[in-house]
Structures are given as C-alpha cells and as structure tokens.
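Take a look at the structure shown here. We will go through its charged pairs and then its pockets.

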Amino acid sequence: LPLLLEVTLLRLASSSYHPFYNGFYYNNIMNDKGNGQDKVDYFNGARLVVETPKDPIYSSNGANVTLPCHYRYEPDVEAKRKIRIKWSKLRDDYTKEQDVLVAIGKTYMAFGDFRGRAHLLQAGQRPASLLVSDVRLQDDGKYRCEVIDGLEDESDVVELRLRGIVFPYQPPHGQYRLNFHEAERVCQDQGAILATFHQLFQAWSEGLDWCNAGWLADGTVQYPIHLPRKPCGGLHLAPGIRSYGPRHRHLHRFDAFCFSSALRGEIFYLGRPAGMTLEEAKQSCQDAGAEIARVGHLYSAWKFQGLDRCDAGWLADGSVRYPITKPRANCGPAEPGVRTFGFPNKGRFGVFCYKER
C-alpha cells in the first residue's frame, strides 16, 4: 500500500497530469523572472472578459484580414503580469485545434502555414486581435482567441468566411471514383480545396442543385437538392442537403465538392479558326505568358468577374467548358452557369488561359 501511494503521488506530480492544458504549462507562469521560484498570486476579484464579433468576418483569397478580439476586466484593473494570448483554428472534424499564434507581451510566434502571415495587431492598450495576411482558401473557418492571466483563462470564437464558389467535380474516368484523399488532391489540382458543410449549405441557398454525392472537408458525403426527384433521395423529401454521413476515407468512393475564392489574376480566351488540341492549347497559353486555366479559375472568374463566353475552351484537366452569365440562344440552358463538354478524347477547341497579377 505505501508503494502504491508513492507511485500515485509521483504520477499526479508529473507534467503529463495537468488538470488543464491549452498550450501552456503553468508551473512558471506566475513568475515572469523565470528563476524557477513559483509565486502564487491569487485572483484579485476582477473577472476577465474576452469578446470577439458574433457575426462572421468576410474576406477573399489573397487579401489581408483582421480578426478582432478584445479583453477587459470587470471591474477594471491593471494586469499585474504579462498577458498570454493564444490564437488557434478549430478543425471541421473536431480533432485537435491547429495552433496559429502565441503571444506574451509584445513577443509572439506564429506556427505552421501561418508562419510569416499571422501577426498580433499591436494597437490599443490591450492588443489581442489577429492580423492574417495573404489569406488562403484553407484559412476559412472558426478561430479561438484565448487570453491567459495567471490562472485566469477565458476565450471566445470568431468565424472567418471566404467569399467563394462551390462546384461539383468528377475526374475524367467517371462518376464515384474518388476516395477522400483523392478528392482532396483533385480539388487542389483545380485551384481549389474540398468544401466545408457551411460552404455547401451557402451554395445550396444560392441555388446549387446537384444529384451526385460528393466528399466534404470533414469526411462526410453529401449533396444539395432544390428540386426533389426520385433518383435524388425521393419525390416526397423536402429540399435541402442530403447526407450519407461520415464515410470510410480510403474505401468509399464518391465525387467531390470543391471550393474556390476570388482570383488573384485574370482569365482570357484564345481561339484559332481551326481550333487547337489540348497540347496546342497549353502551348498557346505559355506563349502568351500565362498558363492553361484550371476548373476553379473558370468558376471563380464566372462568379466574381462576370466572365461570359459562348465559346468552348480547354482547361488544364483536359475538360472543355465555357462560362455563361447571360443565357441566350445557342449557349446552353436558360440558367447562368459553367457549361461542360466533358473530357473529349479528340476535337479542337479554343482555350482559357490564366495569368496571375
């Protein structure tokens, strides 16, 4: 029994048995001199309050954005210690949060993909807001602002949403051929990423209707329906997002829903009277100081730049498509959209080229 008690006390005293861990160990937090002599400063009766905006913050690909966060004390007092601030990104699949930035006083460090892009906004008496430069597609999501004053620890969440477009994608070899990891890759190949549920829901609210199920970023498989019909879940179901729930990421195969945001460059069309093969199309874009456009580029230009062209053109994945914002005779259906000819093995067409600014 004495041996068992000794082992138990040793385990409780070890660093791996902290009752709460948020990225900081507290064994030296109360003593900023760092001389190893812990000093306990009990809470002085003032309540630490952390606030972020309740409404989402909107931005777009390549822009700079500030995620506001403010803290105060009730009643108002001066902090006796250096305040720790930690920003983290919440993951869609509810796994471990992604570290973004940690700050102590005016010293801060950013992590991972945010290194060099995330900064603490040094403005005001109690700076805690996060500045993210060169916003990327994967930055979309929810962020936690955590303020730590000794043993007091409060946080709040702010949501960053990118203005973008969701588009369904099938590879050249046909329907339902992608596992989750392949779906991630094909979206990246098209200048996009796998869409989140929120992005798909927003696209559905704007009119997206697609009967083929596709992967989302959280590993679920879903599809948006506006007009209920028998092959798409049944005639008597209400419009909405149909869900297959989480699927096995290696074994199960579906299409993909990709998300792309505003372009950093421009798309232009090149044509020849006799058309071009795919290889000739790629070379024509290179000769013009550009690259052949990807599917995500075309969708983004259609939505954000109003690209309207009734001429079919090659894209980088070997598909042939064209964007229509003003439907008219001989240009496809009566609704705006990006039309597709699929992946022709033969044929000669124009080409859509993309040039980054």
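**Salt bridges and pockets**

A search of the whole structure, which is a predicted model, turns up 17 salt bridges. Let us take a few of them in turn.

Start with Glu74. Its side chain meets that of Arg47 in a salt bridge, at 2.8 Å from N to O. The two partners come from distant parts of the chain. Glu74 sits in strand E4 (residues 70-74), Arg47 in strand E1 (residues 47-51), and 27 residues separate them. Glu74 also forms a salt bridge with Arg72, at 2.6 Å from N to O.

Arg47, at 47%, is partly exposed. Arg72 is partly exposed too, with a relative accessible area of 30%.

Now move along the chain to Asp209 and Arg229. Their side chains meet in a salt bridge at 2.6 Å, N to O. Asp209 lies in the loop between H3 and strand E14 (214-215), while Arg229 lies in the loop between strand E15 (220-225) and strand E16 (240-246), so the pair ties together parts that are 20 residues apart in sequence. Asp209 is partly exposed at 23% relative accessibility. Arg229 is partly exposed at 24%.

Next, the empty space. Rolling a probe the size of a water molecule over the atoms shows where such space is left.

The largest pocket has a volume of about 1,000 Å³. Its lining has 36 residues. Nearest its centre lie Ile165, Val166, Pro168, Leu208 and Tyr299. Which elements supply at least two residues each to this lining? They are strand E11 (152-162), strand E12 (164-169), helix H3 (197-205), helix H5 (295-304) and strand E22 (337-340). E12 gives the most, with 5 residues. By class, the lining has 18 nonpolar, 9 polar and 9 charged residues.

The second largest pocket has a volume of about 580 Å³. It is lined by 21 residues, and Lys89, Asp92, Gln138, Glu184 and Ala217 are the closest to its centre. Helix H2 (180-189) and strand E13 (193-194) each give two or more residues to this lining. H2 gives the most, with 3 residues. Here the classes are 7 nonpolar, 5 polar and 9 charged.

Where does this second largest pocket lie? Domain 1 (47-162) and domain 2 (164-260) both give residues to its lining, so the pocket lies between them.

Notes. Residues are numbered from 1 along each chain as its sequence is written. This is a predicted model: local features need pLDDT of at least 70, side-chain atom pairs count only at pLDDT 80 or more; totals for chains, interfaces and linings use all residues. Side-chain values use heavy atoms; hydrogens and water are left out. On a 1 Å grid over the protein atoms alone, a cavity is a set of points where a 1.4 Å probe fits but cannot get out, and a pocket is an open set with protein on both sides within 12 Å along at least five of seven lines; lining residues have an atom within 4 Å of a point. Grid points are joined across faces, edges and corners, and a volume is the space filled by probe spheres set on the points. Helices (H or I, at least four residues) and strands (E, at least two) are DSSP runs, numbered from the N terminus. Ala, Val, Leu, Ile, Met, Phe, Trp, Tyr, Cys and Pro count as nonpolar, Asp, Glu, Lys and Arg as charged, and the others, Gly among them, as polar. Domain bounds come from an automatic or database domain assignment. A salt bridge is a side-chain nitrogen of Lys or Arg within 4 Å of a carboxyl oxygen of Asp or Glu. Buried means under 20% relative accessible area, exposed over 50%, partly exposed in between (1.4 Å probe, protein chains only).
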